[in-house]
Amino acid sequence: MRGAGSRCGITQSAARGEIIAATTLSAEFMHIVVAIAFILILASLGSALFFMMNDRGKSNRMVYSLMFRVGFSIALFLFILFAHWMGWIQSTGIPLGR
């Protein structure tokens, strides 16, 4: 017979432990995704600088690189908003007046 604190054979403390483990895993995943997005943004900015110096305005490769940078930045921002909405990341807040 199961006790009052158990659900489907899993105690509440075990269920909390599983939730904490899942939250930790998603937090580690978020760090990796955000780091990769920042690397892509910086690489796109660097390629735009390279094309600006080498093409001297003869092609549109710099414009395309900057366009991808803006796209990566918007995608990162939307992904962070979605991750917060899904509960994958938590806001810590900024202490004002301290």
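## Basis

The model is predicted: local features need pLDDT of at least 70, side-chain atom pairs count only at pLDDT 80 or more, and totals for chains, interfaces and linings use all residues. Residues are numbered from 1 along each chain as its sequence is written, and side-chain values use heavy atoms, with hydrogens and water left out.

## Fold and surface

The chain has 2 helices and 2 strands. Along the sequence they run β-β-α-α. Helices (H or I, at least four residues) and strands (E, at least two) are DSSP runs, numbered from the N terminus.

Of the 98 residues, 12% are buried. Buried means under 20% relative accessible area, exposed means over 50%, and partly exposed lies in between (1.4 Å probe, protein chains only). The accessible surface of the chain is about 8,100 Å², and carbon and sulfur atoms hold 71% of that area. Areas come from the Shrake-Rupley method with a 1.4 Å probe; for residues, only the protein chains shown count as cover. Take the contacts between residues at least 6 apart in sequence: 48% join residues at least 24 apart. A contact here means heavy atoms within 4.5 Å.

## Aromatic pairs

The whole structure holds 4 aromatic pairs. Rings of Phe, Tyr and Trp (its six-membered ring) pair if their centres lie within 6.5 Å; planes under 30 degrees apart are stacked, over 60 edge-to-face, and the rest tilted. F79 and W88 form a tilted pair, with 6.5 Å between centres and 50 degrees between planes. F82 and W88 are edge-to-face, because their planes stand at 85 degrees, with the centres 5.6 Å apart.

Ring pairs join F79, F82, W85 and W88 into a cluster. F79 is partly exposed at 24%. W88 is partly exposed at 31%. F82 is partly exposed at 38%.

## Nonpolar patch

I32, I36, L40, Y64, M67, F68 and F72 make a nonpolar surface patch of about 690 Å². Patch residues have over 30% relative accessible area and no salt bridge; like charges are joined within 9 Å, nonpolar side chains (Val, Leu, Ile, Met, Phe, Trp, Tyr) within 5 Å. A salt bridge is a side-chain nitrogen of Lys or Arg within 4 Å of a carboxyl oxygen of Asp or Glu.

Two or more patch residues come from each of α1 (12-55) and α2 (61-86). α2 gives the most, with 4 residues. L40 sits in helix α1. L40 is partly exposed, at 39% relative accessibility.
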